[in-house]
Structures are given as structure tokens and as C-alpha cells.
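Biologist: I have a structure open and would like to go through it with you. Can we start with what the words mean and then look at the parts?

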Amino acid sequence: MKMPPTLRGRLTLWYSLVLAALLLIYAGILFAFQYVVLTHQLLHDEVQDIITVEGLLYFDSKGMLQLRQDYFSRPQSHLLIDRLMEVRDLNGDVLYRSQTLHGMALGGPNRPNEGDSSFGERIVRLADGSHAFLVSHLHTLGGRTLLIRLGYSIVPLRDRMLQFLLLLLVAVPIALAFAAFAGQAIARRALKPLDRMGTRAENITASNLGDRLDIDGPEELSHLALSFNHLLDRLEQAFVQLRRFTSDAAHELRTPLAALRTIGEVALEKNESPTAYRDALGNILEETTRLNETIDSLLMLARAEAVTPDNQRTTFFVSELVDEVLSLFSILMEERNITALKEDEAAGRVAIFTDRGLLRIAVVNVLHNAIKFSPTGSSLHIQYFRSASPSGALCISIQDEGPGIAAGEHERIFERFFTSTSRATVAASGAGLGLSVAKLVINRLGGNIWFDPEFYSGAKCVIELPIFGKA
Amino acid sequence: MPERTKILIIEDDGKMSRALVSGLESAGYEVITASTGEEGFYLAHSQHPDLLLLDLTLPHRNGLEVLQQIRKDGLDMRVLILTSHNTVEDRVEGLRTGADDYLGKPFSFSELLARIDALLRRFLPPAPENRAIVIADLTIDVKGRTAARSGQFLELTPREFDLLLYLAENRGRTVSREMLTRDVWRENARYTPIDNVIDVQIARLRRKIDDPFPVKLLQTVRGIGFSLREPAL
């Protein structure tokens, strides 16, 4: 059977099927019970009747067995009308047969010990095809032992049971139809909030991303709505971020473009020497390099956001990676007489399992930043320690003696295109993407990166990394 | 006069195409251009260029399809893809389709020249290992990893020697910072900001190889990079 496509339909179908099964079982039990009760009642009546009849039998003057009829004043008494009775002697010769039998035998030949110790209730078939429920009893009258068989037709009982069955057959489908209809209505009512949610969700687009689904309704549905609303929150946040990022990026790209244009126009306006033209062209090329770097970083950010670097993980020592990056920048440090002071290096000699390439990008950016802001002759403190958290993540702190971070900028420094308002750092500021890239990458690796806000004599950047990579 | 090396450019941007023609012609190549895939494919068949500079985003017919067809037809030419689609996946796909090299836009022209040279040189036997490179009075012993100027031994760090060797191998040509980042520092140029490292390293190399001598060999070409050459008299 094909399932209905709607949840409503399915609920109704299942509900009706279960109900039908229950009703059928119920009707069956009821039917059987009714049958047993009626049969029992009939047996009881017959036993009563046989005792009554025993008192009414007598032999007349010709030695014929008779039944005293005057006991019942009303000839229409159902006992007279319906009762089937036959009296035999032990040889099987019929001594009396009620008129209701119309000459037919009530049951077959005598059975051994019939009616002696029990009533031997049974159903027998009469010659006209009808059935009778009969009991047998032995009775002594006038020195002769008589076998009395007394029964009633079970046709009325069968008719009654048939009627009852018909009633059930009619009532069950009607009840089922009602139940299905009610079930459908209840399901529709219960699922109505879903329809509302659906309609609402369809109407949410980029322009009204602030809209939310209704959360009133039964708990399951309101929970669902709440989950969707959280999803919308995140989407909206991402969308707002993207929109701001796009406009920031456009702005950032426009600045060097403006420089390009001005340099080009000024050079062409003036009738200059070849050397001056060369200079202008060189200047333009330098700007294009910067533009290109900005675009590369933007692409890097976009790409790192889209993929999870799961397949490129290897095991390596963090301190070795940091040393490698330090040696890359060693010439810059030498030039400006900056010393790298490493503390607790042993703690950094921990094998961690993560994407080395990505981590390296982050470390390069953070160290480059620290060196950029370090004054000549200062020191760079690099320290390793395990975080206090139960996971025991590995922390690398990189601390410079530069101008530090202005109060309130410790978070914003990771924002894209952030360049500090503080005068001390303006001269050295770059495109403003390095730390964003670092943060994004570290987060991708399941770690954290922050600047210690308690630290004032320079900037202290802490990178926290889970040892076994992102779980 | 021996036949000049012929380069076919398939590029739909006219400005880019004209700039490439001008640059490559002054570098001594014969250049033909096409602005659509069909035209380029026809020229590749009829003109038998030695090298194809292929843009991937072309009108009507995608550059990769052109490349596929060229490889299927068994045309013998080097193919260098120039494109702004510059992810690792694009690169892998390009190379798998049969390109010999892949250069992301925007590139420095000197790098393009270097790549073209390298591609065309692939046919030639490799240079002997124990060769010496001589530029004016500068001698570089490649195998011994030493350099001398005017017979005077130059004391260089390994990195300084690598840098000098790279510049010398590309002598007469300007090398960009991107090329140095990738080929000398062996860093991924796109994500590693080491321009100031390069500048400091160049300044130090210059102090050793040029400062004590009257003739300066290491030139800074503003906006492009650096070049090691004998100055024109």
C-alpha cells in the first residue's frame, strides 16, 4: 500500500488502522462472550424445564405416557410453543413426543448412560435441517425408567447472534469513519503551526532577514520554531557580516585604486622626464602589488571559512613550527636588534595533531605583527604553557614591547580591515587582514586566539590549541 | 636567420593581449593572437606555435575545452595557462587537462618571461652541475656554493648564496618578490607576508657584493623587483 504523502494523512491512516484492529478484537471477544452467556442461559432454562416436566408426566389408563397440559394456563407460553421434548424408554422406544417436533426424532439412538450422571447438553440436527440444543435426563415413573430429552431450537439464538454480528459489522466502519475524520481534524489542528511556520519561512528573504517564526504552539513545534529562529539568527549575523565585509572590502580596494589613478594622472599631466615617468610607473606597480595582496587575503578568508581542513592533519611539535617561523623573520629581528626570548620551551615540545600549513599561516601573521610593532632593541617573549581547562590545551603566548593595544580594541583588532586609531601604531599598520586571517585559521583548527587585555607594556597575543586537533 | 620561437596568445581582453604582445616581441619572440577559443584553435592548427598562452575564461568556448582539443589532436606545443581563477583546484584541473604550467593573474611580466623560458628550455639538455656563472667580474661556483668578485671571495650565508644564485640564473631579467618568496624562501607567496624580509636580505646581499666595488650589479627595479645585470656602459 502506498503511504499518503502528508504527515496528516499518515497519522490518520495509522490511527485508523490501529483503531480498526482494536475494534475487531473487541467485537470478537464481545461476540464470543455473548454466545457463551446465551448458551449458558439456555442450558439453565432447559434444566429448570426438565425438572418441571418431570412432575407433569404421567401414564394414563391405557399405559400411555402423557404430559399434563393444564399446568400452564396460557397456551401461548413459549415453553409450550418452543419446547421440543421426547421421552424414550431405555430400549430407545419413543413413549412421548411433543407436537412441536412434528413427528421428527429428537437426536439419534440412545447413548450409553445417557442422562444418567450429567445432562449431556449438545446440539443435534433435526430431520428438517434445523438445529436444537438439548439436554437428557433419566427419570423413574411408575417403576419404569424414562429417558427425557428436552431441547429448544437454536434458530432464535443464531438469529440473535447474526443480528449482533450485523450490528457490529455496521457499527465498526461507522465508528472508524468517525474516528478517521476526527483524527484528521485533530492532526490538522495540531500541525497548523507547521503550516504557519512554512508560510512565514517562505516569506523571509535577504531583505527581511530580521523576521522570525512564531514560537507559540505545542512544545515540540515551538522548539522547532526556536531552532529555526536560531538558525536565522546565525544566518542574519553572517549576512550582516558579509554585507559589512563587502563594503569594507570595496572601500579597501578603492583606496589603492584612488592612489593609482592620482599617480597616473599627475604623471601624465606634467611633461616630465623619463625618470619621473619610470618613478610614477614603479609607484603604480607597487600599489598593484598591495592590491593583489589584499585580494589574496580576502580570498584566503573566504576560502578558509568555507572548508574545514580535516584531511591535512599531521603530528608535529609546535615549538619547532614557531622556531621555523622565527628563523624566517630572524633577519628582520637582527636588523632591528630584536631578541626572541623563549620561556618554558619544554612545554612547547608537545606533539599536536592539526593542519600544519594553516597553523603556520596563523603563526606567521601573529609573529610578523609582533615584530612589526616591536621597537628597535626590544625583546620578543615567547612562552608555552598548558591551559587551566581540563582539556589541557597548549598555549603559545607571544609578547612584544611595542606600543600595545589601545583600551577597548582587544577584540576589534581581529576585525577585518581594522587599523588602530591609536597614533603610535598608524605608521606601521598594514592592510589589516593579517590578524583576521590568523583568528579565522585558529578557530578553524578548534583553537582560540586573543590579546591579553590585562597586559599594558606592549601586546601579548595568546594562541590556544587543542592537542588532538578539533574533535 | 634561424626561425624565431612562435608564441600564440589566446586572450579575450584586448588590453592584456596588446601588452603581452608588446612585451613578448621586445623579448624576441614572434607573437600571434586570438581573442576567441575557435580562432585560437584554428591558429594553433595552422601556425604550429611553440608555445600557447591560454586564458581560461573565453567567450563561446572555455579555455580548458580548447586545451583538451589541442591535446586530443596531438599538437606539439607547450601550454601555459593564464587565469584569474587561481585556486589549487583550478590549477590541478588545468595541469591535468594537459597544461605545462599555470600562472595566476595578476602576474609579474618578468615571471611570465621566466616561465616561458623554462618551458621552452625543457627540450634542451640540462646544464652541467659543475658550471660557473660569470656576470662581469662576479663568478659563482654553483657546485662549490661560493662566489667571488674581482677575484675576491665573498662571504655569504646560505640564504644569501641561494638568493644570489637565483638572481644570477635569471640574469638580465627582473625577478619579482613573489618569485623570490616562492623559489628562494620556498614559502607560499600568497599567504606569507615576507616582502620586508626580502628587502632586508637584498640590502645585506648588496652590502656584500656591490658596496665594496665601483660597478653595481644588483639593481632594484621599482615596482617590479630586482635584477642582477652588468650595467650598460
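Modeller: First a term: a residue is buried if 20 or more other C-beta atoms lie within 10 Å of its own, and exposed if 12 or fewer do. Keep in mind that this is a predicted model.

Biologist: Which residues of α4(A) are buried, then?

Modeller: In α4(A), they are Leu221(A), Ala225(A), Glu252(A) and Pro256(A).

Biologist: How far apart are the end C-alpha atoms of that helix?

Modeller: They are 73 Å apart. Helix α4 of chain A has 51 residues, 219-269, and at 1.5 Å a residue it should span 75 Å, so the two values agree.

Biologist: What about the chains as a whole: how many helices and strands are in chain A?

Modeller: Chain A has 10 helices and 14 strands. Of its 471 residues, 23% are buried. Chain B has eight helices and 12 strands, and 30% of its 233 residues count as buried.

Biologist: New topic, sheets. In what order do the five strands of the open sheet in chain A come?

Modeller: The order is β4-β3-β7-β6-β5, with antiparallel pairing. β4 (94-97) and β5 (122-125) stand at the edges with a single partner strand each, so one side of each has no neighbour in the sheet. On average, neighbouring strands are turned by 30° against each other, direction ignored.

Biologist: Which helix packs on that sheet?

Modeller: Helix α1 of chain A, residues 7-56, does, and it touches β3, β6 and β7 of chain A. The direction of α1 makes about 140° with that of β7(A).

Biologist: Which residues other than glycine have a positive phi?

Modeller: His102(A) is one of them, with a phi of about 50°. His102(A) is in the loop between β4 and β5 of chain A. Ala136(B) is another, with phi near 50°, and Ala136(B) sits in the loop between β6 and β7 of chain B.

Biologist: Why does His102(A) count as exposed?

Modeller: Because His102(A) has 11 C-beta neighbours inside 10 Å. Ala136(B) has 15 other C-beta atoms within 10 Å, so Ala136(B) is partly exposed.

Biologist: Where is the cis peptide bond?

Modeller: It joins Lys105(B) and Pro106(B), with omega about -5°. Pro106(B) lies in the loop between β5 and α5 of chain B.

Biologist: Last one: how many residues does each chain bring to the contact between them?

Modeller: Chain B brings 13 residues and chain A brings 20. The chain B side has seven nonpolar, four polar and two charged residues.

Biologist: At what angle do the axes of α6(A) and α8(B) cross?

Modeller: They cross at roughly 60° and come within 9 Å. The crossing is left-handed. Residues in this contact include Leu328(A) and Phe329(A) from α6(A), and Val197(B) and Val200(B) from α8(B). By class, the residues of the contact divide into six nonpolar, two polar and one charged.

Conventions: Residues numbered from 1 in each chain as written. Chains lettered and ligands numbered in written order. Predicted model: local features only at pLDDT ≥ 70, side-chain atom pairs only at ≥ 80, totals over all residues. Helix = DSSP H or I, 4+ residues; strand = E, 2+ residues; numbered from the N terminus. Expected span 1.5 Å × (residues − 1). Contact = placed C-beta atoms within 7 Å. Nonpolar A, V, L, I, M, F, W, Y, C, P; charged D, E, K, R; others polar. Pairing = 2+ DSSP bridges. Axes fitted to C-alpha atoms, helices over the stretch in contact; angles between N-to-C directions. Left-handed = near helix turned anticlockwise from the far one by under 90°.
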